[in-house]
Amino acid sequence: MERFLQVVVDGIADGSIYAALALALVLIFRSTGVVNFAQGEMAMFSTFVAWALADAGVPLGLAVVGALAFAFAAGMVVERVLIRPVEGGNPLSLVIVTLGLFILVNSAAGWIWGFNIKEFPALFPGGVAQIGNVSLSIESLGIIAVLLVVVGLLWLLFTKTPIGLAMRAAAQSPSSARLVGIPVGRMLMLGWGMASLLGALAGVLVAHRLFLDTNLMAGVLVYSFAGAALGGFDSPIGAVVGSWIIGVTEALAGTYINAIGSDLKVLVPLGIIFVVLLVRPSGLFGSPEVTRA
Amino acid sequence: MSLVRITAGSRVHLALRAGIWLLVAIILIGIPFDSNPSVNGNLTLVMSYAVAAMGLGLLVGYAGQISLGQGAFFAIGAYAAASMLAKTGLPYLLALPLAAAVTFLIGLAFGIPAVRLRGLYLALVTLALAVAVGPVIKRAEPITGGVSGLSVRQPPAPGWLAVAPDQWLYLLSLVVTAIMLLLAANLTRGSLGRALVAIRDGERAARTSGVHVSRTKALLFAVAGAYAGVGGALFAYGQGFVAPESFTLLLSFTFLGAVVVGGLGTVIGSVLGSLFVVFVPQYAGGVNQALTGVVYGATLIAVVYLMPSGAAGLLRRLRRLLIDIVEPTPARPEPSPPPPDAQRGVHDAVPTSDPAPAGSDPAAARGLRP
């Protein structure tokens with residue numbers, strides 16, 4: 001039983017990392033209507049920025065803040081320079097642009113920092129917290145706490161502040177939003193900046209566990225996709241819950257089903273989304289697609 | 001504007017078209033005898049990619065279904081052909097259609113449930129397929145050879161034909177690619193092609209006019225799978241070796257890139273796009289090894305901005321600068337007017353259709369073009 005709880009909490013911690021990136025995907029999907037395949041690579045690049053800052057002697061906390069700020073700015077630049085010219089057009093063009101960005105950013109990071117695996121410092125103290133008979137790793141608990149804070153902040157932003165309202169309006173109906181004086185373009189830039197920041201957060205949280213190299217986020221991105229698809233791609237709450245489900249089932253299956261082991265556990269979340277999407281094509285929390293005849 | 005003006009369907013037009021295709025055929029057959037084995041090997045690789053991209057092009061360009069799983073079908077085809085050759089004494093010309101049959105059936109099995117999903121969700125489920133194929137290949141060691149891969153007995157050149165192995169592989173791939181190209185062009189002009197375009201442009205309207213939407217889509221998934229299977233088998237023959245590293249997630253992205261760069265809604269575009277995705281990274285690596293991906297990625301993005309209708313669209317524009325093909329003036333009423341699609345098919349060397357995007361209105365896509 002203790003072991004089971006430990007596995008579940010570790011699974012939720014992994015799921016929280018997927019959730020941060022999944023939230024980034026959902027944020028962009030809701031506002032721009034595009035799935036940003038480069039989201040993970042942008043996060044990986046920002047994580048390298050944090051590593052480089054820390055390596056240059058900047059205190060770790062400051063390095064992470066610097067990387068998040070970099071990610072925010074970079075996300076806005078990407079939206080303005082690369083996405084804006086093809087926005088609202090052929091969705092496939094957007095897909096290809098983000099795929100091109102995926103390849104470009106991945107290679108640029110390797111060119112700047114090399115392809116060797118780097119050790120990323122831990123953000124949380126090691127060791128375990130003893131709760132009754134169960135010993136939970138402090139890192140896992142810390143990651144879960146960070147995600148909950150982020151979700152709370154996002155909720156406050158989108159429901160309680162004028163800028164959040166403007167962002168929602170710009171995402172929901174750009175033309176109406178423009179008519180009431182909302183600078184839609186700037187809202188989209190802001191959305192991409194925030195998404196990039198969330199991705200970078202996922203990157204610095206996961207980098208200590210997976211070690212840092214240019215392929216850091218490729219695996220995480222697949223799980224985040226699965227989590228977002230499971231929850232419904234237009235639902236932020238769905239993205240978090242979906243990612244947790246993915247994280248926990250992955251951890252449980254990898255631990256308890258011998259035939260699956262560590263190499264095939266990626267199939268478990270993929271199998272889940274396949275089945276869920278067949279039963280509920282718009283995900284658990286997503287709104288069904290409504291089309292006009 | 002144009003230098004020459006000819007009438008569609010006239011004798012000059014038909015002769016010109018036949019002449020151009022003949023010239024292309026002569027050049028393509030001549031290439032392997034005038035270039036070194038590594039160039040021939042690369043072109044053989046391009047053709048294996050092109051066949052898979054053609055299948056994906058049918059799915060994306062004609063039916064508007066975004067699939068990221070073509071790499072998985074490609075891998076299955078390659079392994080099916082490779083393991084059939086390795087485990088049985090099957091002749092390689094028989095292994096090729098058998099590999100296609102395997103991926104056709106898997107495509108059908110996958111397509112029947114997947115047609116319920118649209119757009120993004122379909123892309124994600126097919127992405128799952130692309131991700132899953134690597135670990136499964138590694139695990140299924142008795143069939144696939146696991147991480148160490150399988151070596152493939154390469155097709156030997158027939159004794160009566162004095163060609164080197166690389167030339168024979170090139171010619172074999174050329175013949176197969178040409179057959180698949182003709183089949184695809186035929187398919188898009190036939191009733192299935194019209195049904196697909198109808199589905200892409202308005203699913204409900206298509207249903208109203210008697211198109212069985214889900215059956216057509218599922219069948220198309222199977223056809224796209226078969227194309228990937230043929231491409232995979234050609235890949236296995238050409239490389240002489242299959243290993244899990246050849247079939248990464250990036251491969252599925254590569255096929256999608258080839259389709260879009262080549263031009264949506266054209267069959268020939270997939271071939272042009274495959275040239276791009278094979279040679280651009282290679283030349284980029286020649287410029288600066290570390291910057292391969294930077295140059296490749298930037299070029300991919302630039303292509304989307306600069307030629308949104310793809311290489312095939314660019315070719316068509318160039319041709320219009322030289323030759324203007326006009327519809328014949330109806331001097332006398334024709335006995336039975338041909339359907340609009342048949343007319344379209346006649347006046348272009350490549351089957352053209354509006355490269356409208358998946359599920360969006362064509363006007364928005366048109367606005368994209370410069």
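This is a predicted model: local features need pLDDT of at least 70, side-chain atom pairs count only at pLDDT 80 or more; totals for chains, interfaces and linings use all residues.

Trainee: How many bridges join strand β1 of chain A to strand β2 of chain A?

Mentor: Strand β1(A) covers residues 128-131 and strand β2(A) covers residues 134-137, and the two run antiparallel. Within this pairing A:V128 stands opposite A:S137, while A:I131 has A:V134 as its bridge partner.

Trainee: Which residue takes a positive phi in the hairpin of β1(A) and β2(A)?

Mentor: The hairpin has two residues between its strands, and A:I131 and A:V134 are bridge partners. The phi in question is near 60 degrees, and the residue that takes it is A:G132.

Trainee: What span does helix α11 of chain A reach from its first C-alpha to its last?

Mentor: Helix α11(A) runs over residues 267-279 and has 13 residues. At 1.5 Å a residue the expected span is 18 Å, and the helix comes close to this, reaching 18 Å.

Trainee: Which elements do the buried residues of α11(A) pack against?

Mentor: The buried residues of this helix are A:P269, A:L270, A:I272, A:I273, A:F274 and A:L277, where buried requires 20 or more other C-beta atoms within 10 Å of a residue's own. Their packing partners come from both chains, namely α9 (216-231) and α10 (236-256) of chain A together with α5 of chain B.

Trainee: Which helix gives the most to the side of chain B that touches chain A?

Mentor: The contact takes 43 residues from chain B and 39 residues from chain A. On the side of chain B, the helices α5 (119-139), α11 (249-262), α13 (292-306) and α16 (362-368) each supply at least two residues. By class, this side has 32 nonpolar, six polar and five charged residues. With 11 residues, the helix that gives the most is α5(B).

Trainee: What percentage of the residues of chain B count as buried?

Mentor: The secondary structure of chain B comes to 16 helices and four strands. Of its 370 residues, the share that count as buried is 47%.

Methods: Residues are numbered from 1 along each chain as its sequence is written. Chains are lettered from A and ligands numbered from 1 in the order in which they are written. Two strands pair if DSSP finds at least two bridges between them. Two residues are in contact if their C-beta atoms, placed from the backbone, lie within 7 Å. Ala, Val, Leu, Ile, Met, Phe, Trp, Tyr, Cys and Pro count as nonpolar, Asp, Glu, Lys and Arg as charged, and the others, Gly among them, as polar. The expected span of a helix is 1.5 Å times one less than its number of residues. A residue is buried if 20 or more other C-beta atoms lie within 10 Å of its own, exposed if 12 or fewer, and partly exposed in between; C-beta atoms are placed from the backbone.
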